[in-house]
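This briefing is meant to be read with the structure open beside it. Please look through the chain once before going on to the points below.

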Amino acid sequence: MKKEKSSNQIKKRAYLIFAVFLLALTLFFITYEVLLTNKEKRKNDYLQNSSENTEDSQYVINEEDGITYIDGTIIVNKSYSLPSSYVPENIVIINNYVKIVDYVKEAFEKLAADALSLGLNIYPSSGYRSYADQEKIYNNYIMQDGIEKADTYSARAGYSEHQTGLVIDVNTVDMTFDNTPESNWLKNNCYRYGFIIRYPEGKEDITGYMYEPWHIRYVGPSLAKTLYNNGNWLTIEEYYQITSKYK
Ligand SMILES: [Zn+2]
């Protein structure tokens, strides 16, 4: 009798232990499932947020003292102007009368020397122009051709990239330069020295200017290589997704 009672007690205890074990197992799986779902949700939230951040940070347009920068690149076109008082630092003279910023002179001299070693003569014709210079030039063109036409090839005062001191117009500064050996070499090699063809052919509606094979702008070798785009020139406007339109 005593033996029977104790065997019943053992059975009861075994059921109890089994029940507790099942309960623990169930709780474990529920907790595991909840944790996993939360982790997945956090991961998705993170991915969503980070992709939004990349889009925003890639094209942050900074304005300091009326000067617009994107990724450290100064932006001047028909939408983004310079203050009339803006004069770049460290302007030097090249080719007796052309003014440009010192590090642009250095880059251009390398470009010109390498071109010369191939028998090509690339020389600077125009560089930095002040707000007042540009005002005179633009007003003369208006008198000559009217505003609508003048706007396709000449910038209004404050809207000229030449005011940055980072731009050089080379050689004849007209379409007789196009398709010369010098122009063809410049188009395919200027990026190696940090320059871009600023107003490429076929991009007139994007840049707001006619094709200018002679107008090169210094942006540094890294951005220049990206914009060179294996010979299919991209514009600053396309790359940074900005407009070039007078208000
Ligand atoms: Zn120019």
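Which residues in H7 are buried? In this predicted model, the buried residues of H7 are Ala-224, Leu-227 and Tyr-228. They cover an arc of only 105 degrees around the axis, which puts them on the same side of H7. The points below place this helix within the rest of the chain.

**The chain as a whole**
- The chain contains 8 helices and 9 strands, and 27% of its 247 residues count as buried.
- When contacts between residues at least 6 apart in sequence are considered, 67% of them join residues that are at least 24 apart.

**Helix H7 and what surrounds it**
- An α-helix has 3.6 residues a turn, so residues three or four places apart point the same way.
- The buried residues of H7 are covered by elements that include S8 and helix H8, which spans residues 236-240.
- H7 is followed by Asn-229, a residue whose phi is positive, near 55 degrees.

**The sheet**
- Four strands form an open sheet in the order S6-S7-S9-S8, and their pairing is antiparallel.
- Strand S6 (124-126) and strand S8 (195-197) stand at the edges with a single partner strand each, so one side of each is left without a neighbour in the sheet.
- On average, and with direction ignored, neighbouring strands of this sheet are turned by 45 degrees against each other.
- S8 is joined by 3 bridges to strand S9 (residues 215-218), and the two run antiparallel, with Phe-195 standing opposite Tyr-218 in S9.
- In general, strands of a sheet pair through backbone hydrogen bonds, either parallel or antiparallel.

**The nonpolar cores**
- The largest nonpolar core has 28 residues, and those with the most contacts inside it are Leu-111, Cys-190, Phe-195, Ile-196 and Ile-216.
- At least two residues of this core come from each of strand S5 (98-101), helix H2 (102-116), strand S7 (167-170), S8, S9 and helix H7 (221-228), and H2 gives the most, with 6 residues.
- Apart from this core lies another, of 9 residues, which includes Ile-75, Val-76, Tyr-80 and Tyr-138.
- If residues up to four places away in sequence are not counted, Ile-196 touches Cys-190, Tyr-191, Ile-216, Arg-217, Val-219, Ala-224 and Leu-227; among these, Ala-224 and Leu-227 are buried residues of H7.

Definitions and conventions: Residues numbered from 1 in each chain as written. Predicted model: local features only at pLDDT ≥ 70, side-chain atom pairs only at ≥ 80, totals over all residues. Pairing = 2+ DSSP bridges. Axes fitted to C-alpha atoms, helices over the stretch in contact; angles between N-to-C directions. Core = buried A, V, L, I, M, F, W, Y, C linked by C-beta atoms within 7 Å. Buried ≥ 20, exposed ≤ 12 C-beta atoms within 10 Å, placed from the backbone. Contact = placed C-beta atoms within 7 Å. Arc of directions from axis to C-beta.
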